[in-house]
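Subject: Structure handover

Hello,

Here is the structure I said I would pass on. Please open it alongside this email; my notes follow below.

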Amino acid sequence: MKQFFISCLFLLLAATCFAVDIKQIHAVRSTEPIKIDGVLSEPIWEALTPATGFVQAVPNPNTKPHYDSEVRVTYDDVAIYIGAMLYDEHPDSILKELGTRDAGENNADLFGVQFDTYNDKQNAFEFVSSASGVQTDIRHSNNDPDQNWNSVWYNAVKITDKGWVVEMKIPYSAIRFADKPEQTWGINFIRVLRRYREKSFWSAIDPAKPGFVNQFGLLDGIKNIKPPLRLMFFPYTSYYAIHDGNTNTWSHTPRGGADVKYGINESFTLDMTLVPDFGQVQSDNIVYNLTPYEVRFDDFRPFFTEGTELFNKDDLFYSRRIGGKPLNYYNVGNELKPGESIVSNPASSQLLNSTKISGRTKGNLGIGFINSITKPTFARVADSLGNERKIETDPLSNYNMLVLDQPFWKNSFISLINTNVMREGNAPDANVTALMAKITDKKNAYAFTGNAKLSQLFGVATDKYNTMGYAYNVAVGKYSGNLNFEIARSVLSNKYDQNDLGYLAVNNFISNTANITLQQYKPKYGINRSRISLGAEYKQHFATKDYMAVKISLNSFLLTKNFWAYGLEGEYIPFPVHDYFATRVENKFVRLSNGAWLNGWISTNYVKKLAIDAYYGHFSGLVYQQYTQSDWIGFTPRYRVNNRLTFKYNLDFEMPRNEIGWAAMDNDNAPVFGKRDVRTVNNVFTTTYNFTRRMALSFRLRHYSLTTKYKEYYHLQDNGMWTPYPDYQESQDLSFNAFNIDLVYNWEFTAGSQLSVVWKNAISDFKGQYTPNYFGTWRNTFDAPQTNSLSVKIVYFLDSRFLSKKVAT
């Protein structure tokens with residue numbers, strides 16, 4: 001037995017010390033101009049030794065792909081160039097659907113290059129071209145991809161009788177690297193053979209291992225290049241014509257401003273937006289919220305989505321707070337004098353300017369800073385004689401965030417984060433400080449993660465706004481190989497609040513979780529990949545330490561050889577839930593049903609012209625001998641007419657029955673609950689026609705409908721139980737509809753410059769009554785006032801390097 005343990009120890013040490021061969025490619029300087037035309041005709045391409053020997057990652061890891069690939073790398077004083085010959089025995093079968101930049105769902109073959117310019121094994125720049133020439137660029141930070149990042153670079157593709165060719169020019173202004181005589185970068189190349197759903201890499205990426213950038217190869221041979229002056233301007237001009245259906249009036253607004261990008265040094269970049277215009281971004285998916293949790297909306301404003309990888313940590317930065325709903329938007333009605341009514345109440349504050357600085361030092365310390373200022377916002381009210389006055393709903397406000405992020409020891413890192421909001425006058429200020437860390441073993445198999453956060457509200461002489469709260473999370477687990485596990489504990493105090501600049505659905509709870517996951521990465525028995533996870537959670541209320549819930553969860557997934565995917569997930573709740581959040585009253589809970597839910601889904605092969613996603617779920621619960629049930633169903637067909645035109649329809653339908661939910665607060669400010677039936681229907685239709693890889697017309701229509709019928713109202717007891725409330729006579733039945741159209745024409749007429757024309761239609765309708773017929777909700781929608789907006793915007797890209805050349809000539 002002793003010899004057995006000694007042998008095992010020896011094998012473990014040997015495995016730990018075993019050095020894996022790292023692939024290398026050598027770049028050679030080009031002494032002649034290279035034309036980006038998809039034809040590798042320059043002599044330098046023939047002189048270079050290509051990178052070969054790609055290895056599959058999906059669907060059959062660590063095996064040879066269907067076809068060979070050859071990639072060459074050269075450079076000069078202004079850019080690095082990639083030339084790739086991607087062999088294919090059936091060039092007429094290469095998939096090359098056109099799509100918008102960074103779309104992510106194009107049905108096309110892909111080739112890309114990834115640069116880890118500081119060779120830190122955690123951060124990288126990625127540039128991808130489809131077989132139709134559509135660009136995608138991605139920024140990897142701590143091995144997390146950020147596809148919202150954009151840069152200006154050049155590519156051309158050409159399909160030949162041997163396959164297809166990609167040629168790329170990536171200016172040094174598009175990336176960041178150290179100022180030193182000789183560069184050694186991490187590098188990898190990716191190829192996606194779409195019709196086989198095959199993804200292969202030059203330096204093998206093992207999906208069973210955590211991390212991505214840490215599995216790159218090396219690029220050497222780049223000498224005597226200098227980080228360029230990175231000073232770029234994106235001036236814009238726009239014009240808006242808006243018709244307000246509520247007042248039947250038109251408004252016309254010309255606008256102008258600029259974005260500026262400046263390379264402070266070889267590693268750090270300053271981004272500024274001056275008098276920004278975000279009026280053309282996609283309309284929000286408005287819903288009627290029956291829950292106690294804030295609805296979180298995506299941010300489509302480019303400044304707050306591009307290059308923010310350092311800031312996206314643990315929801316401490318929710319950019320919709322900046323220029324979002326005014327602080328006192330809902331309080332205007334309480335400040336009306338007798339005879340007054342609201343004339344206007346802006347739903348968002350105006351952003352004056354925003355600045356961010358980000359980059360990494362030579363010691364790989366990531367530093368990020370963002371600062372934004374919004375101007376005061378006012379509602380207008382008037383009395384019966386037409387006399388108007390203003391009510392401030394949002395003061396002059398300053399938002400900022402500082403991030404220090406230091407990677408070390410494989411995929412480990414430690415980060416210090418601080419967010420701060422300062423408001424003028426008698427409005428509350430806020431500050432959150434967080435320390436986050438991840439420590440892995442040498443093989444990146446086991447890891448410890450943790451964070452500790454402290455929040456402060458101050459500046460107003462009330463207990464509500466002079467508070468300090470804390471939160472922490474610790475987790476340890478195994479994240480590599482086929483069998484993984486994690487044990488975690490999260491604590492959020494009742495005073496912890498990060499919502500002035502971050503997002504937090506709820507605080508005031510303690511959660512202990514454990515899960516175990518079994519994964520299959522290699523094809524077996526007709527299944528390409530599969531995963532099954534089992535988890536358990538015990539949740540407590542922080543302030544009272546009372547029990548809240550016990551949950552046992554299942555999550556499974558499998559992908560077949562014909563690339564159909566199936567999933568099954570569910571949860572078993574063995575005991576009644578003590579919900580402290582649904583009551584909207586501090587330290588008061590309601591007993592809700594125990595039970596179980598199960599959801600199954602299917603996704604067909606996206607390579608086919610017609611692909612379908614669908615799901616169905618059901619919940620059954622029991623509380624006080626009363627059954628509550630819910631069904632939900634989703635159906636999403638997508639049809640690709642050709643490589644230019646695609647249609648997609650999405651239907652989501654949910655129908656809880658006999659659901660126990662919060663209805664209102666009574667005259668004594670006590671919560672009233674009710675037994676209700678709810679019907680929610682969400683329809684979204686989208687289509688895109690791509691004229692070229694740089695010009696597209698897209699159409700998006702969404703109709704959302706929610707209607708609620710209460711059967712009985714209940715009074716909440718101190719023990720969480722509820723009893724009939726016959727004295728409550730106010731009806732809380734309702735119907736809500738939201739309708740939006742976004743019609744967008746976009747033309748990138750030169751790299752970084754674009755023209756966009758956008759028409760938007762928006763309708764919102766609320767009625768305090770139940771609408772039993774779904775099609776009646778459509779009639780309600782179109783009877784409501786409409787807002788129409790037509791806008792034209794031109795953005796032009798100016799690079800100081802080219803401007804200086806023109807001046808010199």
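A residue is called buried when its relative accessible area is under 20%, exposed when it is over 50%, and partly exposed in between, using a 1.4 Å probe and protein chains only. By that rule, 49% of the 809 residues in the protein chain are buried.

Two notes on the source. This is a predicted model, in which local features need pLDDT of at least 70 and side-chain atom pairs count only at pLDDT 80 or more, while totals for chains, interfaces and linings use all residues. Residues are numbered from 1 along each chain as its sequence is written, and side-chain values use heavy atoms, with hydrogens and water left out.

Confidence

pLDDT is the predictor's confidence in each residue, on a scale from 0 to 100. The protein chain has a mean pLDDT of 91, and 95% of its residues reach 70 or more. Over residues 1-19 pLDDT stays under 50, and the model has 3 contacts beyond four places in sequence for that stretch; contact here means heavy atoms within 4.5 Å. Where pLDDT is low, the predicted coordinates should not be read in detail.

Overall form

The secondary structure comes to 5 helices and 46 strands. Helices (H or I, at least four residues) and strands (E, at least two) are DSSP runs, numbered from the N terminus. The C-alpha atoms fill a box of roughly 90 × 80 × 55 Å along the principal axes. Of the contacts between residues at least 6 apart in sequence, 62% join residues at least 24 apart.

Cores

A nonpolar core is a set of buried Ala, Val, Leu, Ile, Met, Phe, Trp, Tyr and Cys residues joined through side-chain atoms within 4.5 Å. The largest one has 35 residues, and Ile 170 and Phe 189 have the most contacts inside it. Among the elements that give two or more residues to this core are strand S4 (69-75), strand S5 (79-87), strand S11 (163-171) and strand S12 (182-193). Another core, of 28 residues, lies apart from it and includes Ile 322, Val 432, Ala 471 and Met 548.

Sheets

Two strands pair if DSSP finds at least two bridges between them. S10 and S11 pair in the antiparallel sense over 7 bridges, and Asn 155 has Met 168 in S11 as its bridge partner.

Another open sheet has 3 strands in the order S18-S21-S22, with antiparallel pairing. Its edge strands are strand S18 (341-344) and strand S22 (388-394), each of which pairs on one side only. In S22, Glu 388 is the bridge partner of Ala 382, and 6 bridges join strand S21 (residues 377-382) to S22.

Strand S37 (residues 626-640) is joined to strand S38 (residues 645-657) by 10 bridges, and a hairpin connects the two through 4 residues. S38 also runs antiparallel to strand S40 (residues 671-692), again with 10 bridges; Asp 652 stands opposite Asn 682 in S40. Strand S39 (residues 659-665) pairs with S40 over 6 bridges. The hairpin of S39 and S40 has 5 residues between the strands, and Asn 669 there takes a positive phi near 60 degrees. S40 and strand S41 (residues 695-716) are joined by 20 bridges and form a hairpin with 2 residues between them.

Two loop residues

Asn 364 is in the loop between strand S19 (351-360) and strand S20 (366-374). Asn 364 counts as buried because its relative accessibility is 11%. Not counting residues up to four places away in sequence, Asn 364 touches Asp 120, Asn 123, Asp 405, Gln 406 and Pro 407.

Pro 227 lies in the loop between S14 and strand S15 (231-244). Leaving aside neighbours within four places in sequence, Pro 227 is in contact with Phe 177, Ala 178, Asp 179 and Glu 266. Pro 227 and Lys 767 are 540 residues apart in sequence and 60 Å apart in space, C-alpha to C-alpha.

Regards
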